[in-house]
Amino acid sequence: MGAFFRFSERGTNFRTEVIAGLTTFMTMAYIIFVNPAILGTEGTELPVAGVFFATCVAAAVACIAMGLVANYPLALASGLGLNAIVAFTLILGLGLSWQEAMAVVVVEGVLVTLLVITNLREAVLNAIPNSLKFAIAVGIGLFIAFIGLKNGGLVVQDPATYLKLGNLTQGPVLLAAFGLIVTLALVARGLRGGILIGILVTGAVGMVFGIVPLPDGIVDFRFDTSTIGGGVLAVPQVLQISLIPVIFALFMTDFFDTMGTMIAVGQEGDLLDEEGRVPEAKRVLLVDSLAATLGGATGASSVTSYIESGSGVAEGGRTGLTSVIVGLLFLLALPFAPLISVFGGSVPVPGPEEGQQIFVSPVTAPALIVVGFLMMTAVRLIPWDRYDEAIPAFLTILTLPLTFNISYGIGFGFISYVLIKLAQGRPRDVHPLLYVAALLFALAFIWPSLQSLLS
């Protein structure tokens, strides 16, 4: 094993790698609660238990593959932001079935895989200015935090002002507020696994006070496999021009998250070469892109690399064995579906209007808000003193959460960036691929109007 993973070459050993794997798993295990909560949102028709099974299996396969094929301490699981696109943009927004939404993920994964194989991924990466890359990350962070506020009942609809503060006298909403305070305190103290511990504490308190129902059991070896394969069978139904912008939005989010995460983890573990590149990066990118396809095929949404991998590297993880350990721990979580279903499930509360009922997920909502905060810290990297870079970044950050659509936010950013550069008389500052992307987004925005005119 030491020879296969090259322990001596990288200055590590079996014990260190196991501890690193446990650490990484603890910092990212919140996804086994949060992913079913997002994808299982009321109206998506995705079963919480089924998404939980798919989340664990897809993450396990991807992590083990990363360890064995790329020998890199990078863990993977369903991506936050990517699952929000699937649930709120594709299914609830565009009205696609969950099978069709997962098929979009499969297509996006295949597209990224082709770019890796043909070495075009770097060209696409260079086409997008850094200011927009950071803005997309910030906007998605705000979007996820907004979803957390909504799912916790902390903000609700209002016919006059669009949004207002939720009813803090309701038990589930109060529980969400309590969970947010606890989770923020744990994260602020730098406690590893703080988000996961926050979920567990919030769920336990909810059960004690009868706000969250007790699970039917702790373990169950009857797995819900109902989401497996649905996305593959629906691929022919999503190969249409109208879905190109959405596929592109998924591609963008997945694409840049992975590149940044891969480099950040490599830098933390001193794994980069003299030119700051990841050795055998193509293997890492290939596993990651295939993992995205796997996520869509299983019904777990796109599986991508996790920045939380840095926690394991900080504990000394230097080889793929760290990732293998994480994958095995995801498999060990499989029998706990009854517990996960309760923690990630939703409970009904009276809505803001008389006779209305809304569903909130008080246990996992705080985790989304905190993850949103962690994602939007990239705002400091945007050059706010350069208006040609800052204005498109601002529009991306503003419109992404307020339109409740990630692809719209990216589209506003791309189009405004191109227009501002043209207005400045600097068309050569824009990569040709960005012109193409901006044109596709513009067509997507005006397509509904064109269809109504033609009809």
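Buried means under 20% relative accessible area, exposed means over 50%, and partly exposed is in between, with a 1.4 Å probe and protein chains only. Keep that handy for this tour of a predicted model, where local features need pLDDT of at least 70, side-chain atom pairs count only at pLDDT 80 or more, and totals for chains, interfaces and linings use all residues. Residues are numbered from 1 along each chain as its sequence is written, and side-chain values use heavy atoms, with hydrogens and water left out.

**Stop one: the surface.** Select I241, in the loop between α13 (235-238) and α14 (244-268); helices here are DSSP runs of H or I with at least four residues, strands are E runs of at least two, and numbering starts from the N terminus. I241 counts as exposed because its relative accessibility is 71%. Helix α22 (residues 432-454) supplies the largest share, 5 residues.

**Stop two: an enclosed helix.** Jump to α19 (residues 365-375), where 8 of the 11 residues are buried, so the rest of the structure largely encloses this helix. The buried ones are A365, P366, A367, L368, I369, V370, V371 and G372. Show α4 (31-39), α9 (130-151), α10 (171-188) and α11 (194-208) to see what they pack against.

**Stop three: a helix crossing.** Keep α11 on screen and bring up α18 (residues 337-344). At what angle do the axes of α11 and α18 cross? Roughly 85°, and the axes come within 10 Å; they are lines fitted to C-alpha atoms over the stretch in contact, with angles from 0 to 180 degrees between N-to-C directions. That makes α11 roughly perpendicular to α18, a label for angles of 65 to 115 degrees. For the side chains, pick I199, L200, G203, A204 and M207 in α11, which meet L339, V342 and F343 in α18.

**Stop four: F223.** Follow the chain into the loop between α11 and α12 (230-233), where F223 is found. F223 is partly exposed, at 34% relative accessible area. Leaving out neighbours within four places in sequence, F223 is in contact with F53, L334 and P335, contact being heavy atoms within 4.5 Å.

**Last stop: A77.** Select strand β1 (residues 76-78) and zoom in on A77. Is A77 buried or exposed? Buried, at 0% relative accessibility. Beyond residues up to four places away in sequence, A77 touches M28, I31, A59, S302, V303, T304, Y306 and F330.

How values were computed
Parallel < 35°, antiparallel > 145°, perpendicular 65-115°, else oblique.
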